[in-house]
Every structure is written in structure tokens, then in C-alpha cells.
Amino acid sequence: MATVSTERGALTHPDVHRFEDVNRDVLKILGAPGKGWWALFALAATGVGVFFGAWGWQLYRGIGVSGLNQPVGWGVYITSFVFWVGIAHSGTLISAILFLFRAPWRQSIYRAAEAMTVFAVMTAGLFPLIHIGRLWHAYWLVPYPNSRFLWPNFKSPLVWDVFAITTYFTVSAVFFFLGTVPDLAAARDRATGLRKKLYQVISLGWRGTDRQWHHFGKAYIFLAALATPLVLSVHSVVSWDFAVSIVPGWHATIFAPYFVAGAIYSGIAMVITLVVPLRKVFGLEAYLTVKHFDAMAKLCLVTSLIVLYAYLSEFFLAWYSGEEIERTSFWNRLFGTYWWATWIMLVCNGMVPVMLWFRRVRYSIPALFVISIFVNIGMWFERYVIVVTSLHHEYEPFAWGIYRPSVIEMSILLGSFCWFGFWFLLFTRLLPPVAIQELKEVMPAPLRRQPRQPDPQEAAP
Amino acid sequence: MSVAAGQGILASYEYLDSTVDAIERLRKAGFDDVRAYTPYPDHHIEHALGYGQSPVRVWTLVGGLTGTATGFAFTTWTSVDWPLVVGGKPIVSIPAYVVIAFELTVLFGALATVIGLFVLSRLPSVKPAVIYDPEFSAGRYGVYVEATPERLDEARRILREQEPVEIREGGAAHA
């Protein structure tokens, strides 16, 4: 007699009882989209048009149509690059790191978070290409044997970045796709017509056999184990783009952990921003309960504290170092030309999340949605502060200057949100946005024999 | 698989414990070619089928180490091939190359893992599966066994004992 215990469930989805219900509830999302979806999709598609239109204009006229000039050579483009890479990170945190830590609340949000990762890296990856101006020279970043016998300078953080970002995109796309394969098979088994053909191809002929699951499970663990240090390395490398230089305000050893914490913080906020409407529109209340939002809010709170600590220690060390230029640089951040950006950053990232200490706020989904928007804005401005205020006020007073983003730069920034939204909207209709197979893993399995009564002491969390 | 003249029986079950019992009894009775279909990975079933470690780990390790070696070798070779002093640093600056080597470790390791998975679990498989039930991706468990004609009755009896929802018999065809 096999003794099969199924106490592993119980903690996550009290209103979902049968495995078939999961397939029904998730796969119905893949049906014909409603008017609201088409309206959003049209908006996103228009924004994508604006994005490529503005970029095309910049390619035609030259980088001069942006506000970039001496001394501020890095502006909205690099700010947005760091912002979008940061957004990507919490997707990998939820899908890989929380998987390794066996946090069961990740199951219902990780698919959406992982999709967010892939699309955010796709968005981020465009910004260096926009920023370099002469797009037709972008391939120079790639090491390849050429007639000039030149190789990239591997001592440069910018080349490390090329490797970090391409690796990150490849690995997270593979991880994302692999995780969806069993669910695509589930979609295939219920679809008809053209969609069935599509899912037949992209589900790779998955049958859910013991052999497939056995190797799949192990491969998934190893991919998660590889993605975990990867995600920490990517934002560290991004931070070294700054920290390896000697610009005051950039040259700090705190940068790598500070950037990683900030990345996860902004990414969790973005997950909340995306998942709240997803839950409402597709009726996923049974799968995304307030407990899930509570867990995300706690993660947001923890990372906000790390980020606030990093801000304060930066200011403290600038003062404590006694270094005139460092001190001036940070004084200039708080009270100089760009004081407003710094204060937006401090209020949105340091003060607004204080509300997350209160249980009532963490359990209120509208409140979390609003806070998440504040954090998104604050984290964009954090990168703006780091990039622009440091550059505009460097060592020599004659080389100080002011940077104003141009209309083209702002169009590309706004367009990048549409580009991201465009892919995310397609994702909600083509791939199961909630992981069917993984939800079943945390549900109690159906048993013919009544399970023995769970020991109350054993079942206690 | 080696049973050329074998015939396949597929039983689908509603309950996990019935499935595990059916697999265990079949294996105890000496049927070696038992396969299971499940809507999610279940360790009870893996245990009943007697799975050990998956060789995917070897692919990950070899891929990762190849990546590390490639990262260091490539950066060192290109630096020597174009010896340019940058920032007063040595031509071959190992600390800087750790980043490249690390990224390539992860990249090669991940890609090798996926290739290993595809090879070991025979994906992608384009052949339409004769023995399959769309319910296996929803909520049902399947047990498939191949038996020689003389042992067919015995296999059928063991599968029936656990009250399957459905039993199908067909040729020896499965991926």
C-alpha cells in the first residue's frame, strides 16, 4: 500500500479544489479578447509607433535631437536602460530564487513575473542601441574576427554589460519558455483549429510522461540555480558601469548591492502594478489572494529599507569622507538644480513604502497598487539622479552644465512603456498567464482513500 | 520498448494513490516497461517508478565548465592578439575577465541544461502520440504498460483492481 500524503496544499488556494478547475480558469483567459483588451492593445501599438518614429527621427537627424551634450553625455536613455533592467530582476527573483527557497506563494504570480522579466530586458536592451546614436555600428560591441584585427576591450565595464545583458536575456527567455511548455501542452489539449496547430508546435510534443517530468524537474532546478547568481551579477555589472569610473557620486563600493536591492524593489513594485489589473480583468481572485499581495508587499518593504539605508549611507559617507568634491556633489543632489528629482526619489522610495508596515495597507489591493505606482516613479528618478546629477556637476566648475531631456527622448521613454505593454498584452492572450502545472503542485492531490487526519502540530506553519 | 511483440494498455485514473498502487503492483509483478502520465511532476510516482538522479546534472556541469574555460581563454587570447595597455592595467587582467567568464559559465551551463533535457526526454517530439489522453494535462493520471500476449491478462487485471476511469488498448506505440 502506498502511503500518500497531500498536506502540502492547504496554504495557498482555499477556493480551488480540483485540478480540472485550474485548467478551466486559466485557459479561458486565452479565449477571444474583449473590447478593453483591444483598446489597450491599440494604445500600446500606437505608442510603439511613436517609439520607433522618434528613434527613426534620431537616426535620420543624428544624436543632436536628444538633449545629450557635454558634460551630460548620459541622460534619459541610460536612466531608462537601468530602470528596465532593474524591473526585470524581480521576475527572476520570483521565478528562480523563490523557487529554490520553496516559497509556495510564488506559484501563482511567477509566470506573469517571468514574462515581465523577458519583456523588460527586451525593452532595456534597446536603450544602449538608441543611446549609441549610430545604430549601424552596434555590431562593434560583439567580439568577432574582423579585417581590422580589433577586439573589444574586455577590461571595460561596458563590454561586461554586453555579456551580462545578452546572457540574461537568453537565459531568462529559455527559462520562461521551458516553464511554459507543460502549460502549452495543456492549452493544446483544449484548443481547436488554428490555435491547436500553434500550441502543437510550441508545446514541442509534451505528453507529461514520467520520463519527461523527471528530467524537466531536474533541469528546472539547475536553471534556477544558474539564474540566481546571474540576476545578482547582472545588476552588479550595470552598477559597475558607474562605479568603476571616478565621477563623484558614482565611485562607490556600495553600488553593486545598492543597485541589486533597488532593482528587486522596483521590479516587485512593477509586478504588483501588472498583477492587480490582471487579477481583476481575468477573474483570478481565487488564485491571487490577499496573502500573495501581502507577501509581495513585505518583499517590497524589505527592499525599500535596504534602498533607504543605501541612500542614507551614501549621504553620510560623502560627509564623513571630508572630501570636498564628494560633499559638494551630494549637497548639490539635495539642494542643487535637480533637487526636485532627488526629493521625488526620497519621498517615493523612502517615505511612501513606510505605509507597508501596516497590515491593513498590505491587505488592501488598491492601496498596494497606488504605492507600487509611486515606487515605479521613484525608482526611475533614482536612476535619473544617479546619472544626471553626478555628471552635470563634476570636478571642474567650467565644465558644469545643465541637461534638459528633449521631446524625442521623452517620446522614446513613454514609447518604451508601450513597447513593454504591447508584448505583455500579447502574452496574456497567447500563453497561460498563470502557471497551471505549478499550481497543481501546491494543491492537495485527489485521493481515493481518505487521507489520515493531519496532525495539528505538524500542520501548523 | 524492446518488447517487439508487446501490446500496450493505458489506464487512466482519477486518484493519485490508485495510480501509485497500480504502478507499484505492476512493477512487483515483473512488468518493467511501465510509464506514467501526470498533470504535474509528482514525487510519489517518480519514487514508485524507481527513478534515481537525472543525468541532466552532467550536462549542466560540463556546459558550465566549458563556459568558464571559454570566458578566460577568449578574453586572454584576444588581449594578447591585440596588446593594448588600457588604464595602466596588465595586458591580461584576470580580475576583469572574471565577469566575462562568469557570464559565459551561466550562459553555456543553461543552454547545455536545456539541450540535455531535450536529448534525455526526447523533445521536441513531432510524432503524434497514439497512446495519450488530453485529460492527462488537466487532472487525470495515466499508467501505460506493455506486455507480451501471454501476460496481457495479468497486466489488465492489476490495472483494473485500482478502478480506472478508462482502459484503452492499442499497439506498442509511445514516445
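Where is A:Pro71 found? The legends below answer this and then walk through the other views. This is a predicted model, in which local features need pLDDT of at least 70 and side-chain atom pairs count only at pLDDT 80 or more, while totals for chains, interfaces and linings use all residues. Residues are numbered from 1 along each chain as its sequence is written, and chains are lettered from A and ligands numbered from 1 in the order in which they are written.

View 1. A:Pro71 sits in the loop between helix 2 (35-61) and helix 3 (76-100) of chain A; helices (H or I, at least four residues) and strands (E, at least two) are DSSP runs, numbered from the N terminus. Look for B:Pro124 in the loop between helix 4 and strand 3 (141-147) of chain B.

**View 2. Positive phi at A:Arg102 and B:Glu163.** Although A:Arg102 is not a glycine, its phi is positive, at about 55°. This residue belongs to the loop between helix 3 and helix 4 (110-131) of chain A. A:Arg102 counts as exposed because it has 7 C-beta neighbours inside 10 Å. For this label, a residue is buried if 20 or more other C-beta atoms lie within 10 Å of its own, exposed if 12 or fewer, and partly exposed in between, with C-beta atoms placed from the backbone. B:Glu163, also not a glycine, has a positive phi near 55° and lies in the loop between helix 5 (152-161) and strand 4 (166-170) of chain B. With 13 other C-beta atoms within 10 Å, B:Glu163 is partly exposed.

**View 3. Chain A, built with 16 helices and zero strands.** The C-alpha atoms of chain A fill a box of roughly 80 × 55 × 45 Å along the principal axes. Buried residues make up 48% of chain A.

**View 4. The nonpolar cores around A:Met116 and B:Val20.** A nonpolar core is a set of buried Ala, Val, Leu, Ile, Met, Phe, Trp, Tyr and Cys residues joined through C-beta atoms within 7 Å. The largest has 152 residues, and A:Val85, A:Met116 and A:Val271 have the most contacts inside it. Leaving out residues up to four places away in sequence, A:Met116 touches A:Ile87, A:Gly91, A:Met270, A:Val271, A:Leu274 and A:Phe424; two residues are in contact if their C-beta atoms, placed from the backbone, lie within 7 Å. A second, separate core of 27 residues includes B:Val20, B:Tyr37, B:Tyr132 and B:Leu159.

**View 5. Where chain B meets chain A.** The contact takes 62 residues from chain B and 54 residues from chain A. Helix 4 (94-120) of chain B gives the largest share of the chain B side, 15 residues. Other elements giving two or more residues include helix 1 (16-28), strand 2 (34-37) and helix 3 (56-81) of chain B.
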